[in-house]
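User: Hi! I have a model open on my screen and would like to talk it through with you. Can we start with the strands and then move on to the rings?

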Amino acid sequence: MSVIVCSDGVMSADSSINSGDLCLPFPKIWKATFQGAELLCGAVGPLPQVALLQQWTLDGLVPKQWPIQATLAQLLVLSPDKGVVRYRDSSIPYLHGHQKLAIGEGAPFAYGALFMGATAEQAVAAAIEFSPHCNGSPISLSL
């Protein structure tokens, strides 16, 4: 699945995705615009579902257009005013505010690093180092 970490206005992720028994480079985090505000978005899960969630955000996060096939993926949206918003299984948002958050199979490693004072990018680097499900190099975007 991978790992995505949000902390202090930064979203970081590993830079590859698994599809079956293949590991491919894939940008799991991206920028989108919603009602004139710049958002950071990222998704973990199977490649086809991550691509659907990416397209949903780029199309304006219209609740009625939620990709119902994305049942195994999770989406994070980081906005300056609401902080971290998580979508899982539906277009109903879970509001996490401005707290630190990690998702994906590398999340336990990332949370350990965050607890020790790591930045979002350092937490992703820890997950890449210790989780067999996280690969590539850390990539980061900030608001």
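User: Which residue in β7 is the bridge partner of Cys41?

Analyst: That would be Val77. Keep in mind that this is a predicted model.

User: Thanks! How many bridges join β6 to β7?

Analyst: Five bridges join them, and the two strands run antiparallel. Strand β6 covers residues 37–44.

User: And what is the strand order in the sheet?

Analyst: The order is β5-β6-β7-β8-β9, an open sheet of five strands with antiparallel pairing. β5 (29–34) and β9 (93–97) each have a single partner strand, so one side of each has no neighbour in the sheet. Neighbouring strands are turned by 25° against each other on average, direction ignored.

User: Which strands does α1 touch?

Analyst: Helix α1 packs on the sheet and touches β5, β6, β7 and β8 (83–88). The direction of α1 makes about 30° with that of β5.

User: Which residues of α1 are buried?

Analyst: They are Leu47, Gln49, Val50, Leu53, Gln54, Trp56 and Thr57. After the helix comes Gly60, which has a positive phi near 105°.

User: Are they buried or exposed?

Analyst: Trp56 is buried at 4% relative accessible area, and Trp66 is buried too, at 10%. Ring pairs also link Trp56 and Trp66 with Tyr87 into a cluster.

User: What about Phe109 and Phe130, stacked or edge-to-face?

Analyst: The Phe109 and Phe130 ring centres are 6.4 Å apart and the planes are at 25°, so the pair is stacked. Phe109 lies in α2 (residues 107–115) and Phe130 in α3 (residues 120–130), so the pair ties together parts 21 residues apart in sequence. Phe109 is partly exposed at 35% relative accessibility, whereas Phe130 is exposed at 55%.

User: Last one: which ring does the charged end of Arg86 sit over?

Analyst: The charged end of Arg86 sits over the ring of Tyr94, 5.6 Å from the ring centre.

Key. Residues are numbered from 1 along each chain as its sequence is written. This is a predicted model: local features need pLDDT of at least 70, side-chain atom pairs count only at pLDDT 80 or more; totals for chains, interfaces and linings use all residues. Side-chain values use heavy atoms; hydrogens and water are left out. Buried means under 20% relative accessible area, exposed over 50%, partly exposed in between (1.4 Å probe, protein chains only). Rings of Phe, Tyr and Trp (its six-membered ring) pair if their centres lie within 6.5 Å; planes under 30 degrees apart count as stacked, over 60 as edge-to-face and the rest as tilted. Helices (H or I, at least four residues) and strands (E, at least two) are DSSP runs, numbered from the N terminus. A charge sits over a ring if NZ of Lys or CZ of Arg is within 6 Å of the ring centre and within 35 degrees of the ring normal. Two strands pair if DSSP finds at least two bridges between them. Axes are lines fitted to C-alpha atoms, for helices over the stretch in contact, and angles run from 0 to 180 degrees between N-to-C directions. Contact means heavy atoms within 4.5 Å.
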